[in-house]
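Please find below a short note for discussion. It is set out as numbered points, each of which may be read beside the sequence and the model.

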Amino acid sequence: MINRRLVLGMIAAATTIDASRIAFAKEKHHLNGKDLLGENIKKNGKHKIHTTGKKVDVFAEVNNGKVTAVTAAGMQGKKVKSRQKLAETTPGIMLASMQLAQADVYYYGYWVYDDLTDTYIWFPADYVIVDSSWVEYVP
């Protein structure tokens with residue numbers, strides 16, 4: 001015969017096992033790198049462009065008018081590309097009949113991340129050196 005304690009114990013064990021698989025969602029921030037960098041694209045060197053939620057400064061390294069790297073102390077980084085424009089400067093309304101079809105337009109982003117936050121800083125193709133090291137962005 002199954003008693004109440006056994007059933008409650010089984011429910012508690014199942015809940016504990018299921019809860020251990022729950023991953024807390026990271027904060028995702030998509031930023032427009034062109035706006036953050038501004039006129040510094042014309043100056044070679046390392047430029048502070050953002051501060052993350054953990055008060056970590058994010059720097060863009062510029063060489064000959066191209067962003068060569070984006071770094072943040074204590075955070076990992078990767079280069080990603082996407083056909084979606086994920087960082088808007090100003091929200092706007094575009095009429096469906098006025099929208100132009102863009103076939104292979106990519107936006108290139110530097111992804112800096114840690115255990116709590118994902119920060120994506122997106123640039124147009126003419127701001128970065130496009131090569132095979134960029135991987136497809138997966139939301």
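1. Glycine 77 counts as partly exposed because its relative accessibility is 48%; the classes are buried under 20% relative accessible area, exposed over 50%, and partly exposed in between, with a 1.4 Å probe and protein chains only. This glycine is found in strand β5, residues 76-82. Strands (E, at least two residues) and helices (H or I, at least four) are DSSP runs, numbered from the N terminus.

2. This is a predicted model, in which local features need pLDDT of at least 70 and side-chain atom pairs count only at pLDDT 80 or more, while totals for chains, interfaces and linings use all residues. Residues are numbered from 1 along each chain as its sequence is written, and side-chain values use heavy atoms, with hydrogens and water left out.

3. Which residues does glycine 77 contact, leaving aside its neighbours within four places in sequence? They are Trp111, Val112 and Tyr113, where contact means heavy atoms within 4.5 Å. Aspartate 118 is 41 residues from glycine 77 in sequence, and the two C-alpha atoms are 9.7 Å apart in space.

4. Lysine 55 is not a glycine, yet it has a positive phi of about 60°. The residue lies in the loop between β2 (45-51) and β3 (57-63). Its relative accessibility is 69%, so lysine 55 counts as exposed.

5. Asparagine 64, although not a glycine, has a positive phi of about 55°. Its place is the loop between β3 and β4 (66-72). Is asparagine 64 buried or exposed? Asparagine 64 counts as exposed because its relative accessibility is 63%.
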